[in-house]
Amino acid sequence: MTARRPAGTPEPATTREPATTPESAPPESALPESAPPVPAPGLEVVDATVRYGSLLALDDVSLRVDFGRVCGLIGVNGSGKSTLFKTIMGLVAADAGSVRIAGESIARARTRATVSYVPQHEDVDWGFPVSVRDVVMMGRYPHQGFTRRPRAADRAAVADAIERVGLSDLAGRQIGRLSGGQKRRVFVARGIAQGARVLLLDEPFAGVDTTSQSLITDLLRELAADGAAVLVSTHDLTTLPDLADEAALLLRRLVAQGPPADVLRPDVLSQAFGLSIQDGTP
Amino acid sequence: MIPALLTTTMTPLATLTAPLTTTSPAAVTTVLSTVTTWLTEPLTYDFMLRAMAITAVAAFVCALLSCWLILIGWSLMGDAVSHAVLPGVVLAYIVDLPFAVGAVAFGLIAVLLIGIVRDTSRIKEDAVIGIVFTALFALGIVLVSVTPSHVDLGHIVFGNLLGVSPSVLVQVALLAGIVSTVLLLKRRDLMLMAFDPVHAHAIGLSPRVLSGLLLVMLALTSVAALQAVGVVLVVAMLIIPGATAHLLTDRFSRMLVIAATVAVVSSLAGAYLSYWWDTSAGGMVVLAQAAVFALVYLFAPREGVVTGRIRARRRAAAPA
């Protein structure tokens, strides 16, 4: 893995095999029912460039996250992490380049509800009159009818998702009355209830204590083991190897992508952080 | 008939009034007949009946809307749209179109203008809203002044609760019915749009379309309420009930119920008081809603300022 890759060159082969490697897929027409289609990556950003006026926010960024893998997105504030998330979700139109989600366009992925996004803490109105259950139920909207009236199957899926993130005791609680870590798990549960195959998390560890952080880390690893593609932005470099199969280092352009051990080298990091990272926190 | 009614309802009321009056049955009967007169006499007048009905209807639909407006942070937008529909209403009157058409058109023009000026200048949003809606409202006033009609400016600003004609009542009830139905059917999508537009976008909904829907409902409500209760009242009714309910519950569905109930009950109370005290009907309706808000702000079980103080003091006094 070269640290400084000319933009636009193909991804170097990743060193760790994806957790769910399908056997050599047969041609699509051969087995119409049982054969999985050619395995598209969960998330593929190709040569994405985004400008806000004269400001270059993303410069020719290519990023690929396969199903079954967790990718940690690192970079200083203003390096374009949030812009990348917005581009992936189609909230910001790329000036150049393309985004494929599970091999499909953003529009298709939206109608299929493939993607779930866990917002940054400050982007949520925590005083909003909704309970944990209400928020997780919002993940079921794509599976519901015109008025989004919950059916038994929706309630069951919501209860399962809440149990999976360990919040069953707090299901009726207003979301503002939760701890920082619990708050993030509510939104992860929403993605589970949604059945999202691609999970995007913007700074889920900001303001979260270490116990909660390891809980969330375990949860994301489990979801990846179940086949989800997970992209997490984080500032916590020390725990990155526990969390992610690979790391992507962003500074408007993609400085490096590869196994965390390769990206977290001082000589690589200094290109994006521009200062000593001896203690692991930029 | 009335004595029979009294005996059936006497038991709970008697216990209620026991500390105030003596428990003598005669005194209780006097109090009850006073209350009955107080409640029924205004309703013997048709104009009061219509005023009550239109107040309740307007309060109900405005209260529903207010839940979304205050959660999104659109209270000023409610203010703006309810004022900005005026030129639309006058123009619709001139070219003989339904008022609702002109109102929606100008409501949306106001929102568009606000968006454009905010995004293309350094002026902050609250100032932009102030400029746009006052300008459009002023345009409406000028149009009224040159339009030969019976429209009374005072009525537009402060309402004409006591002068509601049966046809206006029907029209307002119709608009309110449409708006309430749409809001209640789409309440979950609109709640999602208010809470997390990014998620709404991610699952294929359009936050833009949903907020557009809410703005159209706002414009329709404004024109409905404007004809009866006046623009100042509309603004109050579009903010106070939702804010009151927000202090009383942690669930959005309950917030809708509480807002609507509080708004209707307090508005009717305000209308009664205006009858007996011979004061401005519209003004009393708003004052009643504001009084309920003040009570809730101070004494709500969980969020009340005074309640919180008391709780903190008890906690401090309790042994650790």
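Analyst: Ground rules come first, then your questions.

Analyst: This is a predicted model, where local features need pLDDT of at least 70, side-chain atom pairs count only at pLDDT 80 or more, and totals for chains, interfaces and linings use all residues. Residues are numbered from 1 along each chain as its sequence is written, while chains are lettered from A and ligands numbered from 1 in the order in which they are written.

User: How many helices and strands does chain A have?

Analyst: Chain A has 9 helices and 9 strands. Both are DSSP runs, numbered from the N terminus: helices are H or I with at least four residues, strands are E with at least two.

User: And what percentage of chain A is buried?

Analyst: 45% of its 282 residues. Buried means 20 or more other C-beta atoms within 10 Å of the residue's own; exposed means 12 or fewer; partly exposed is in between; C-beta atoms are placed from the backbone.

User: Which residues of β5(A) are buried?

Analyst: V115(A) and Y117(A) on one side, S116(A) and V118(A) on the other. Both faces of this strand, residues 115-118, are covered.

User: What does β5(A) run parallel to?

Analyst: Strand β6 of chain A, residues 198-202, joined to β5(A) by 4 bridges. Strands pair if DSSP finds at least two bridges between them. V118(A) stands opposite L201(A) in β6(A).

User: What about R148(A): buried or exposed?

Analyst: R148(A) counts as buried, because it has 20 C-beta neighbours inside 10 Å. Its phi is also positive, about 60 degrees, although it is not a glycine. Look for R148(A) in the loop between α3 (132-137) and α4 (152-164) of chain A.

User: On to chain B. How far does α6(B) reach?

Analyst: 32 Å from its first C-alpha to its last, over 22 residues (125-146). That is close to the 32 Å expected at 1.5 Å a residue; the expected span is 1.5 Å times one less than the number of residues.

User: Which of its residues are buried?

Analyst: In α6(B), V128(B), I129(B), V132(B), F133(B), L136(B), F137(B) and G140(B). They lie on the same side of α6(B), because they cover an arc of only 145 degrees around the axis. The arc uses the directions from the helix axis to the C-beta atoms.

User: What's on the other side of α6(B)?

Analyst: A127(B), V142(B), S145(B) and V146(B) are exposed there.

User: What covers the buried residues of α6(B)?

Analyst: The cover includes α4 (75-94) and α5 (99-120) of chain B. A84(B) touches V132(B), F133(B), L136(B) and F137(B), among others, not counting residues up to four places away in sequence. Contact means C-beta atoms, placed from the backbone, within 7 Å.

User: Last one: the contact between the chains. How many residues from each?

Analyst: 19 from chain B and 20 from chain A. On the chain B side, α9 (187-195), α10 (197-202) and α13 (252-277) give two or more residues. That side divides into 9 nonpolar, 5 polar and 5 charged. Here Ala, Val, Leu, Ile, Met, Phe, Trp, Tyr, Cys and Pro count as nonpolar, Asp, Glu, Lys and Arg as charged, and the others, Gly among them, as polar.

Conventions:
Contact = placed C-beta atoms within 7 Å.
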